[in-house]
Amino acid sequence: MPALALLGGPKTKRKPFPVWPQFDELERHAVTEVLESRVWWRTPGTKTLEFERAFAKFHGAPHGIAITNGTAALEVVVAALGVGPGDEVIVPNFTFVATASAVLMAGALPVLVDVRPETHCIDPDLAEAAITPRTKAIIAVHMGGHPADLTRLCEIAARHNILLVEDCAHAHASEWQGQRVGTFGAAGTFSFQSSKLMTAGEGGIIITRDDKVERQARSVHDCGRMPGEWFYSHFINGSNYRLSEWQGAVLSAQLTRLDSQTALRHKNARTLDRLLGAIEGITPQRLDPRCTRNGSYAYIFHVDPKVFTNASTEQFIKAMNAEGIPNQASYPPLHKLAVFQTGAYRERLSGAQKTEKHAFLQQEFPVTHQAAWESVWIPQPALLGDEEDMQEIAAAIQKIRDNQAAAAEGLSSGNSTRQ
Ligand SMILES: Cc1ncc(COP(=O)(O)O)c(C=O)c1O
């Protein structure tokens, strides 16, 4: 049995994974074209406009509004939907902070609920139970690319007359029953930050099928302007969230590869489901049969601490990285973040909400806890590899599994600093 790379043995991974971001002559030409045109600003330009139309169309939405980043896209949507002080928005506790901070930026309270164990997406039953007369919206996050249960969420939102927003930061091109994400609720938001499935370094977009939401969101993102009106007239509260022409042009080039890259990631992820599912103690994120395509921002799996008894998740991750397999931990539970624990989040609230008790801070979130501290993510570029790459990922995990008793010392030295 070869020794772990962490303990001086040979690395499992021999040939390198594909690099990210990917580009070719398309991006090179796109950047040069914008440079030479001297039109670098979105307002008179055509590149960002063309990109937002193409991206929206790809997902089956008539409208797209390119935004500076995915966090800002959520902020613009929340503002455009009229969420404000006194309102509540239901958000999964297991997500990147932006999903909740965008609600706080509007002066409203994000109400945190637990997620489903199979997918790590918001639990629709818990979301419904959290609805109060103050609830304006639910923001679902498609974790790692896997859509939340959009059938249930749409039904709940309609029955309670509240809005559904999809945070699709991980889920470009993902599908639920053949329909692309971002088109189920009032709006969907995406990120183009550098680790995402398409990138311009930074960037974001809102897509929507609702003409009124489009009008409001476009105005909020452009200083409260309205189409066809004088440049210095400002009708509603807004700010400058416009994306540059450089980014719009690069993103159009990136979009040409999204479909084939998604198909490849989806296929490789199914190979990993088979290979990793056969390793004792490893449970891959389940693919709901209604998820007809998973954009796969990450390949997510649970590492059972009862089986991998000698390795904390942190040590498992170190051992995998040493074997040449990039992998990482995911988000801590939002309610454990300092901004919630110290009460700093209350600075954004007003009226009764500022001082009243927020029950979710006292709650247990068992599934989020497990997702945060016992699951491992393999970032998406690895899923652009070939069959041999997938075999090597599985071999590295099997090696850690086989070695863990013998290597107890190397794997378990050092206490976890994450919990
Ligand atoms: C779930 C989720 N929502 C929103 C965002 C925010 O996107 P951005 O980094 O472009 O601001 C991210 C970014 O990682 C994310 O993971």
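In which strand is E88 found? Please start there and carry on through the rest.

Reply: E88 is found in strand β2, which covers residues 88-92. Residues are numbered from 1 along each chain, in the order in which its sequence is written. The model is predicted, so local features need a pLDDT of at least 70 and side-chain atom pairs count only at pLDDT 80 or more, while totals for chains, interfaces and linings use all residues. Strands (E, at least two residues) and helices (H or I, at least four residues) are DSSP runs, numbered from the N terminus.

E88 is buried, with 22 other C-beta atoms within 10 Å. Setting aside residues up to four places away in sequence, E88 touches A108, L109, V111, T132, R134, T135 and K136. Contact here means that the C-beta atoms of two residues, placed from the backbone, lie within 7 Å.

P147 counts as buried because it has 32 C-beta neighbours inside 10 Å. Apart from neighbours within four places in sequence, P147 is in contact with H142, A171, S174, W176, V181 and C291.

Next come the helices. Eleven of the eleven residues of helix α3 (residues 70-80) are buried, so this helix is largely enclosed by the rest of the structure. Its buried residues pack against β1 (63-67), α4 (98-105), β5 (163-167), β8 (187-191), β9 (204-208) and α7 (211-221). Just after α3, G82 takes a positive phi of about 80°.

In helix α9 (residues 313-322), seven of the ten residues are buried, so α9 too is largely enclosed by the rest of the structure. The buried ones are T313, Q315, F316, I317, A319, M320 and A322. Just after α9 comes G324, with a positive phi of about 95°.

Helix α2 (residues 47-59) has 13 residues and reaches 19 Å from its first C-alpha to its last, close to the expected 18 Å. The expected span is 1.5 Å times one less than the number of residues. The buried residues of α2 are K47, T48, F51, E52, F55, A56 and H59. They cover an arc of only 155° around the axis, which puts them on the same side of α2. The arc is that of the directions from the helix axis to the C-beta atoms. These buried residues pack against α1 (25-37), β1, β7 (179-180), β9 and α8 (245-277). Just after α2, G60 has a positive phi of about 85°.

α8 and helix α13 (residues 387-403) pack at an angle of about 30°, with their axes 10 Å apart. That makes α8 roughly parallel to α13. The contact is made by N268, T271, L272, L275 and L276 of α8 and E387, M390, Q391, I393, A394 and I397 of α13. Axes are lines fitted to C-alpha atoms, for helices over the stretch in contact, and angles run from 0 to 180 degrees between N-to-C directions. Angles under 35 degrees count as roughly parallel, over 145 as roughly antiparallel, 65 to 115 as roughly perpendicular and the rest as oblique.

Some backbone values remain. Most residues other than glycine have a negative phi, and most peptide bonds are trans. N161, in the loop between α6 and β5, has a positive phi near 55°. N161 counts as exposed, with 7 C-beta neighbours inside 10 Å. C223 lies in the loop between α7 and α8, and its phi is also positive, near 60°. C223 is partly exposed, with 18 other C-beta atoms within 10 Å. The peptide bond from W20 to P21 is cis, with omega near -5°, and P21 is found in the segment before α1.

Definitions and conventions:
Buried ≥ 20, exposed ≤ 12 C-beta atoms within 10 Å, placed from the backbone.
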